[in-house]
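Dear colleague,

Please find below the sequence and structure that I am handing over to you. My account of what was found follows directly after them.

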Amino acid sequence: MEVFRGLAELDIRLSLMPISVDLDMRELMKVNYYRIGIFLDLDCEQSDFVTDQFISARLPFNESYFWLMKTIGSSAPLEMLDLLPLSINAELTLATTATAGAHRYELYDVYNPSYRHGGKLNVTRMGYWDRDEGLSLHMTQYKYKRRGDLRGMVLNFSIVVDFPPANVDMATYLTTPIQKHLDTMHRYNYALTLQLRDYYNFTMNLMRGATWGYLINGTFNGIVGDMIKGIVDVGATPFQFKPERMDVMDYTVQAYMARAAIIFRHPKRQTLNNSFLEPFSKQVWWLTAVVGLINWILLYLTIKMEQRYVGNVQGSTLFTQPESETFLITSAAICQQGLSDTPRVYSGRIVYMSLFLWALLLYQFYSASIVGSLLSEKPRFIRSIKDLAESSLEVGIEDMPYNHDFFRDTFSENEICDLQEIELFGPKHTATCTAKHSPFKKMITYGLRQIVEHGMTQRLGTVWKQKRPLCPESHSSTPTPVSLDEFSPALVMIAAAFSISIFIMLAENLVRRCLRRRRLLTPLFRRASAEKIDSCDETKVSQETDYFLHQGVKQITVFACWDLYERADFARKVVELDLKLAYSPTHPLVADMSKMLKVNYYKLGIVLDLDCPGSEEILRRVTSNRLPYNESYFWMMTTTSDVVPREILEPLPLSINAEMTVVLQGNDGFYSLYDVYNPSYRHGGKLNVTYMGNWSPENGLIVELTQYKYKRRGDLHGMYLNFSIVTSRHDASLQLCIDAAITMNLLRGTTWGYKVNGSFNGILGDMVKGIVDMENGETRRYGIYVILRHPKKNDLSNQFFKPFSREIWMLTTVVAIVNWLLLYLTMKVEQHYNKNYEKKNLGTLDTHPASETALITTAALCQQGLSDGPSLYSGRIVFISLFLWALMLYQFYSASVVGSLLAVPPRFITTPQALLESTMELGAEDIAYNYDFFATHPDPIVLELNKKKLMVNKHRKKAPYFTPEEGLKKVQKGGFAFQVDIATAYKIIEDTFDEDEICDLQEIRLLPPAHTATGTAKRSPFKKMVTYGMRQIVEKGMASRLRHVWHHRRPRCPESHSSLPTPVALKEFSPALLMFATGIAIAIFVMLSENLFRKYYYIVMRDPVHILPVQNGNQEKNERVLSARSVSDVTE
């Protein structure tokens, strides 16, 4: 009872069944769309009867049944669970407790990847339940991601291969994109299946199916049949969605789009299209024949008159055979030819001249039509299945996808450009399928969705799908030849003329023989032409309710002077249509308009009978209460008048968004409906009344104004609207004014509008005051960017001390000192054991051993050399080892420096955080929104940048806000970052920065791009009109075009710039200059000291005791030696 009471409080249904051997599991566990929770106490006797009967009833352990099995004991009953036919989709939880009556249960998730496929039982701790703490679950990962490792379990897949390979094995054919136009969708989907195999770590047993699977004599064949038999688990071939397959298999993820198309080379011409008879219409040809006939008759009459009054010309066929000769002259004129015979009378010559002028004009139009048709692009008149069926083309069917690769390899350029595709039906989605009620369905679905979201399908599409062969753009400039088919009418015409002339020649010969001197020429023209000229009952409701139902209005308020019967009849019809109704008499008017017409989110229909007394008072009170005539109120004004009462409507403050209909009641229950609006009463607009339809009891409501309201009312007739702009950069608003015929009164706003002391300034303040209707802002994605010249190196990066670490520099110093000491000791040993020391020629290495050996060590480190060297072998060994060690040290040092110069300098200031932590100064564009942005933005990095690098402090007396030109000039010098609108910056950078400076630029986006939009005043009647107009402008590409005009492209760093040598800057070379300057200063100091010592000892050494005797006239040499020894004694 306690369990019953607790579950009833949670609104959970409960069935309590005792364990027995005759449970009807199929009836008891019947599920439809809901899930059943099953609690089984494993400690009860014969609890295994429940699982045995569940299995015997062939009920699955899937997501329809959530099992909770409880047992007392510290370990799970694995021997019992291991026998259950669990699968990857099982929902079985084991609850264990150490002792009976304990308050804490450990919960374990139990499943088997597939008992049928030999999978192993998996028991994982998922959490616990405690009476005090409640339920605590640690396994929060998605089930099929958590159970994703199938540990190499074998699953059966099947694939259809229409073109089995002849030269390679099946695995190579399916995985290698050779001849990828064959079995494209099968191999593509197989590649997806391989990704799925790696994702879930299973082994694929691939079989080949004969077909996908079709219903024949009540059973399926192919892969679908194998799925029904349990042979196949998953189809490696994608399946098209078909109703008959839905009952026997499950679809997962749509990954391939199959297109069936008919492909043919489009004929150049349609039947008789652009042939010799086509340039003129049938009427023009008939008129040409009539005019030619008239010219023939006039020429014949003038010749007959000339014969009568002037006489015949001897030997002229024009006078001997006037009928045929004048006919020949007319035909020659039309064909731009001539004859030698001409009439002599002026009337005949005038007819002759007019005939040739008319024929010349006719020829010009005819030839121009032929040339134009050859130069124009040939129309594609076979575009649909119906056109194809009506054409004379033969059709063949191939049971294969579209073979792009075949056309690319075998078709010429002209043949490719002639190709036309006609889709038999829309693209068909295909999907990987599993057997019906397969436990792997959701696992396959989740895995494939992961593969799709990670971009693998797009990559595999580029591998397996061949792109459509392209027709080169230059092909349109190729001369268009006239084919034999197009020229055939002329050949037929001349062949017919030949036949007719031969026939007439034979007839003439026969007549001449029979009649001898009588000449008879009987031309016969027969023409025939025939033309054939082939030329719901709905429930009737009142026109008011029919109109409001059409507008989607559910609440109606009526202002009228109806009697009780009319009110009751109208109320009955409204209730039948599930509409809400409020009624108020027009006189006396007692309703409070602001309360009665109060709306929130719904629309309110208002019926006003203009024939009632007090109807104008209704309109006056609506206006005085400042209730808008907008889309919240659908007005329907009825009157028995024959015309719309404009005198009542013109004073109303209507706008472009008004919903007002005037109904004129006619005879026999016929009503005429008129749409009434004013572009803007406040802006001096004019009332517009347009017929919108009618209503009658027979036909119901007929609305003829089906165009979108703001497109229909798009012409504002040059009405003035007030726009405001902050800067001089325009966007799509100007295009909107052109399309809607608006006159723009453009004002200059100081700022966009920010709340200061409780009120808005700038454009928003002007909108609140009613001065501005809308702002001429930019409709685009706006990003806050910082631009800087990225430093070449970081602090001390790749300078003279950087190639080696501090430890190596210290070790180098120690080794150099050891080498110096060893050289000094060897020199001292050499001096000690050399008996002829006093007699030999002395060098500085002998006189100054300490400094000279130090100089030798330094020279070795700097890859230099000295003329003096030790004589002993020990000294020379030290000397050689010193130079070898210095050579290796130099090689490593120079290699590090060269490598750093050749490597691409790293960009380490790429994020707002890195900019904050750097020593680089920061400035911002001096524009209104920047002050508000840096001071009020919630992002902590932006606030810290403002505090550390922008705000005035004791070290920064002025906030670093600059114009774009000033800020970018600082960026150009380096060491300065500048926040600026990139649309402004790019043009300045391209004009003023050189190539190296452009390539050094780094952009840092402080925040993701934010969308900006054109704004209107709150509850403006122009909001939807502007929205519709802007959407039309964006959809037609005008916004993109204006962006190209106003948004300058980013300056590009040439690709060749990376191949230029990287110069060493002065900052990087400064340690060498400092070292050199220090050496010079020390040298000067030592020089002065030496000079001082020399002067001092020169005075001391003037004592004769210290002067050596002159030997062999070498007095000058002895003086030098004495001086050197004296200085040596001092320095030593």
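**Findings**

L301 is found in helix α10 (residues 282–309); helices here are DSSP runs of H or I with at least four residues, strands are runs of E with at least two, and both are numbered from the N terminus. Please note that this is a predicted model, in which local features need pLDDT of at least 70 and side-chain atom pairs count only at pLDDT 80 or more, while totals for chains, interfaces and linings use all residues. Residues are numbered from 1 along each chain as its sequence is written, and side-chain values use heavy atoms, with hydrogens and water left out.

L301 is partly exposed, at a relative accessible area of 48%; buried means under 20%, exposed over 50%, and partly exposed in between, with a 1.4 Å probe and protein chains only. Together with L287, V290, L293, I294, I297 and L298, L301 forms a nonpolar patch on the surface, with about 610 Å² of accessible area in total. Such a patch is made of residues with over 30% relative accessible area and no salt bridge, nonpolar side chains (Val, Leu, Ile, Met, Phe, Trp, Tyr) being joined within 5 Å and like charges within 9 Å. Areas come from the Shrake-Rupley method with a 1.4 Å probe, and for residues only the protein chains shown count as cover.

**Overall composition and cores**

The protein has 41 helices and 36 strands. Of its 1132 residues, 38% are buried.

The largest nonpolar core has 71 residues, and F54, W67 and M69 touch the most other members. A nonpolar core is a set of buried Ala, Val, Leu, Ile, Met, Phe, Trp, Tyr and Cys residues joined through side-chain atoms within 4.5 Å. Helix α7 (residues 184–200) supplies the largest share of this core, 8 residues. The core draws at least three residues from each of domain 1 (1–147) and domain 2 (154–259 + 1013–1036), the domain bounds coming from an automatic or database domain assignment. Apart from this core lies another, of 41 residues, including I618, L649, I656 and L721.

Leaving out residues up to four places away in sequence, M69 touches L40, L42, T51, M80, L81, L84, L92, T93, L94 and A95, where contact means heavy atoms within 4.5 Å.

L206 lies in strand β8 (residues 203–209) and is partly exposed, at 30% relative accessible area. Beyond its neighbours within four places in sequence, L206 is in contact with F157, S158, I159, L174, Y190 and A236.

**Salt bridges**

The structure holds 23 salt bridges, each being a side-chain nitrogen of Lys or Arg within 4 Å of a carboxyl oxygen of Asp or Glu. R789 and D1000 meet in one of them, at 2.7 Å from N to O. This pair links distant parts of the chain, 211 residues apart: R789 is in strand β31 (residues 785–789), and D1000 is in the loop between α37 (995–999) and β35 (1001–1005). R789 is buried at 18% relative accessibility, and D1000 is buried at 8%.

R572 pairs with D569, the closest N and O atoms being 2.5 Å apart. These two residues are 3 residues apart in helix α21 (residues 564–576), and are therefore separated by about one helical turn. R572 is partly exposed at 45%, whereas D569 counts as buried at 19%.

E106 and R104 also form a salt bridge, at 3.1 Å from N to O, and R104 is partly exposed at 34%. E63, E91 and K143 are linked in a network of salt bridges.

**An enclosed helix and positive phi angles**

In helix α20 (residues 543–551), 7 of the 9 residues are buried, so the helix is largely enclosed by the rest of the structure. The buried residues are Q543, E544, T545, D546, Y547, F548 and Q551. G552 follows α20 and has a positive phi, near 75°.

Most residues other than glycine have a negative phi. N201, although not a glycine, has a positive phi of about 60°; N201 is in the loop between α7 and β8 and is partly exposed at 37%. N217, likewise not a glycine, has a positive phi of about 55°. N217 is in the loop between β9 (215–216) and β10 (219–220) and is exposed, at 78% relative accessibility.

With kind regards
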